[in-house]
Amino acid sequence: MTLYQHLITRRSTSVRLLSTPAPDDGQLEDILRVATRVPDHGKLAPWRIIVMREAGQKTLGDLAAEIFTSAHPDATPAQIEFERTRFMRAPLVLAVLSTPKLGKIPVWEQQLSVGCVCLNALYAAQALGFGANWLTEWPAFDTEILRALGGADGDHIAGFIYIGTATAKPDERPRPELHDIVRVLD
Ligand SMILES: Cc1cc2nc3c(=O)[nH]c(=O)nc-3n(C[C@H](O)[C@H](O)[C@H](O)COP(=O)(O)O)c2cc1C
């Protein structure tokens, strides 16, 4: 398949359809190299990636369950269990942090670059034959989760990239019509 054919047909896979096997350590390194080969004005590398396999997924899931339970004292055991296992929905999860540096390069540009990291991670995982999905959900907006991942003030969680083996081929989804979103300036 050419790169163009891959890009024009690839789709994300729902976490419900992600299973083992995960990328092995060599494939993970390939994914990380592609993920970080992105446009980056000023060569600041204003992003960090935290790799989570079983141990890390448990650590962060335990924290998510704790935060969820204190925010929702009437949470059901099923809801708490979902939070505890939230990061185990795929065998490999990359937490991608935006870590902009204040200075000459606008923070907005650095935040665009972290989006490229997320998308390249997705593309690389999919190109290697894995299923992947870029999700934020509430933990991406929680300060305690950010801190647990090593984020500081001004940093953000750009997303969690869930990666595994797809148990089914994702359906196509509608895409915007080009004429609705593109115009030629005369
Ligand atoms: C920054 C960002 C955050 C997202 N967060 C969520 C989310 O929390 N929950 C969700 O269901 N989809 C979320 N999505 C959408 C999924 O990634 C979705 O699977 C994706 O749009 C599918 O597109 P694709 O098939 O072209 O890869 C998010 C997308 C982006 C870009």
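How many helices and strands does the protein chain have? I found seven helices and five strands, taking helices (H or I, at least four residues) and strands (E, at least two) as DSSP runs numbered from the N terminus. Two reminders for myself come before the rest. This is a predicted model, in which local features need pLDDT of at least 70 and side-chain atom pairs count only at pLDDT 80 or more, while totals for chains, interfaces and linings use all residues. Residues are numbered from 1 along each chain as its sequence is written.

**Overall build**

I read the order of elements from the N terminus as α-β-α-β-α-α-β-α-β-α-β-α. The radius of gyration is 18 Å, close to the 16 Å that the globule rule gives for 186 residues, so the chain is as compact as a globular protein of that length. That radius is taken over C-alpha atoms, and the rule is 2.2 Å times the number of residues to the power 0.38. I also noted that the C-alpha atoms fill a box of roughly 60 × 45 × 40 Å along the principal axes.

Buried residues make up 29% of the 186. Buried here asks for 20 or more other C-beta atoms within 10 Å of a residue's own; 12 or fewer is exposed, and in between is partly exposed, with C-beta atoms placed from the backbone.

Next I followed α5, residues 107–127. Its 21 residues reach 30 Å from first C-alpha to last, close to the 30 Å expected at 1.5 Å a residue; the expected span is 1.5 Å times one less than the number of residues. Among the buried residues of α5 are Val-114, Val-117, Ala-121 and Leu-122. The buried residues of this helix pack against α2, β2, β3, β4 and β5. Just after α5, Gly-129 takes a positive phi of about 95°.

Which residues touch the most other members of the largest nonpolar core? In this core of 33 residues they are Val-93, Ala-95, Val-96, Ala-121, Ile-161 and Ile-163. Such a core is a set of buried Ala, Val, Leu, Ile, Met, Phe, Trp, Tyr and Cys residues joined through C-beta atoms within 7 Å. Its largest share, seven residues, comes from α5.

I then checked Val-93. Leaving aside neighbours within four places in sequence, Val-93 is in contact (C-beta atoms, placed from the backbone, within 7 Å) with Met-52, Gln-57, Phe-87, Phe-160, Ile-161 and Tyr-162.

**Around the ligand**

I listed the residues around the ligand as Arg-11, Ser-12, Asn-133, Trp-134, Leu-135, Thr-136, Glu-137 and Gly-159, each with its C-beta atom, placed from the backbone, within 6 Å of it. Strand β4, residues 131–135, gives the largest share of this shell, three residues.

Glu-137 sits in the loop between β4 and α6 and has a positive phi of about 60° although it is not a glycine. With 13 C-beta neighbours inside 10 Å, Glu-137 counts as partly exposed.

Having 14 C-beta neighbours inside 10 Å, Ala-45 counts as partly exposed.

Where is the cis peptide bond? I found it running from Thr-20 to Pro-21, with omega near 0°. Pro-21 belongs to the loop between β1 and α2.

Note on methods. Two residues are in contact if their C-beta atoms, placed from the backbone, lie within 7 Å.
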